[in-house]
Amino acid sequence: MAVYDMDDALSTARSQHVSKAQSKQSSNPTTEISERYNRPIAAAQESGLPIIDISSYLDPNSSLEARQTTAQAINAACVNYGFFYLTGHGVPTAKLDEIIDLARQFFALPIEEKNKIKRYDAGGPEGGDSARGYQGLGENVTGGLQDMQEAIDFYRPWSGVVEQGDGGPGTRKTLQGPNLWPEKPVSLRAEYEAYIAQVTTVGRALVRAMGVALSLGAADPDNAADGSAEDEDVFARNCDESFWVMRMINYPPLSASVVPAANGTHQDPGQFSCGAHTDYGCVTLLLADPTPGALQVQLKDGTWLPADPIRGAFVVNIGDMIERWTNGMWKSTMHRVIHRGDGGVNGAQGGGRVSVPFFFEPNFDALVRPLGKCVRESGRESVHGGSTYGEHLLTKVFSNFYYSKRTDW
């Protein structure tokens with residue numbers, strides 16, 4: 001069996017285990033959580049990533065017991081994987097399907113239409129801000145290598161002073177431009193803006209649950225405006241004006257290039273739709289089409305686990321800012337995308353894999369540094385002296401694009 005056929009077989013088997021995990025967790029969550037602590041890698045290989053219901057943090061009438069169960073599950077998932085599935089979020093499945101369908105319609109348009117909202121570097125005569133807009137195949141970079149994807153990036157609208165870029169009048173600094181919405185499909189902007197509002201609510205509930213999961217202590221109302229206070233609302237306070245990012249991504253199937261091997265040939269292992277990376281913010285809420293086997297999560301033993309979509313659920317992972325806040329107790333996990341188009345609903349006819357990740361991030365000016373309790377419990381020195389999320393974001397934006405030349409921040 002060729003390497004890539006083996007991968008597909010494993011993906012199919014593991015996707016079946018995910019279905020079993022969903023029924024198992026709903027019937028006996030305490031046992032499921034225990035398994036995640038006691039034998040996390042085996043549990044993931046047998047049953048897939050954990051499935052967590054966030055509804056208790058969206059329902060003001062939910063019980064303390066229900067919230068504690070959810071918090072315990074989040075802690076188990078973040079300690080052992082940095083990834084999990086999220087259900088009970090309240091966004092209708094029909095709405096999620098519509099978001100994917102609108103993205104697919106956009107990516108099916110001619111390149112001339114897509115380039116009407118092309119991303120341009122900050123400081124240039126085009127008025128770009130280095131971040132927002134459409135990026136063609138190979139323009140996005142991960143680990144210094146070009147990714148085989150096309151995408152549109154949207155950000156929270158810039159609310160600070162809009163400064164002139166280094167190119168003179170009409171030019172912009174990084175991140176200070178408007179979002180570039182496509183003209184087609186005509187309903188995309190309205191539907192996506194409504195979706196952003198919905199998923200932002202989910203993000204707020206999730207980070208509040210994460211604060212409880214760390215047992216940081218009850219929130220003090222007197223700390224409502226104090227971003228440095230370290231109680232269970234620390235993430236919620238520092239994300240109350242989240243500088244969110246949303247991407248629409250299309251991954252065309254990778255070409256069937258092969259390389260010599262001792263027992264014949266196999267597909268080029270250096271081909272990636274998106275190279276291995278960690279996300280650099282707070283939490284990612286990923287919506288993806290049904291294509292299996294594409295998103296892969298690295299377990300602690302170095303192996304890669306397919307994180308196949310579950311209809312109606314988000315795939316959630318924590319980012320670098322959460323790892324910094326927790327002083328490494330919760331780690332931001334490496335993941336990658338390899339879409340070969342050789343199996344699955346959308347890949348069978350050679351189509352692209354479409355995903356719409358929403359990155360629920362800290363406030364632009366939030367100071368992110370290890371929490372004292374996490375430093376003590378981790379048993380090691382602080383992993384970082386602290387910096388604002390905006391400073392961190394700017395360094396990442398600058399390194400994200402193959403054609404970026406300017407340093408006009």
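Ser-215 counts as exposed, at 52% relative accessibility, where exposed stands for over 50% relative accessible area, buried for under 20% and partly exposed for what falls in between (1.4 Å probe, protein chains only). The model is a predicted one, in which local features need pLDDT of at least 70 and side-chain atom pairs count only at pLDDT 80 or more, while totals for chains, interfaces and linings use all residues. Residues are numbered from 1 along each chain as its sequence is written, and side-chain values use heavy atoms, with hydrogens and water left out.

Back to Ser-215: this residue has a positive phi of about 55° although it is not a glycine, and its place is the loop between H7 and H8. Helices (H or I, at least four residues) and strands (E, at least two) are DSSP runs, numbered from the N terminus. Ser-130 has a positive phi too, near 75°, and is likewise not a glycine. Ser-130 turns up in the loop between helix H6 (111-114) and strand S3 (133-135), and is buried, with a relative accessible area of 9%. Then there is a cis peptide bond, joining Lys-184 and Pro-185 with omega at about -10°; Pro-185 sits in the loop between S6 and H7.

Now for the rings. Those of Phe, Tyr and Trp (its six-membered ring) pair if their centres lie within 6.5 Å, and the planes make a pair stacked when under 30 degrees apart, edge-to-face when over 60 and tilted for the rest. That rule gives nine aromatic pairs. One of them is edge-to-face: Trp-158 and Phe-364, 5.2 Å centre to centre with 85° between the planes. This pair links distant parts of the chain, 206 residues apart, with Trp-158 in the loop between strand S6 (150-155) and helix H7 (188-213) and Phe-364 in the loop between strand S16 (353-360) and strand S17 (367-368). Trp-158 is partly exposed at 24% relative accessibility, and so is Phe-364 at 23%.

Phe-235 and Trp-325 make a tilted pair, 5.1 Å centre to centre and 55° between the planes. Phe-235 lies in helix H8 (residues 234-238) and Trp-325 in helix H9 (residues 320-325), so the pair ties together parts 90 residues apart in sequence. Phe-235 is buried at 0% relative accessible area, and Trp-325 is buried at 1%. Elsewhere, ring pairs join Tyr-155, Trp-158, Phe-243 and Phe-364 into a cluster.

Charges come over rings as well, which here calls for NZ of Lys or CZ of Arg within 6 Å of the ring centre and within 35 degrees of the ring normal. The charged end of Arg-336 sits over the ring of Trp-304, 4.0 Å from its centre, and Arg-67 lies over the face of Tyr-57, 5.1 Å from the ring centre.
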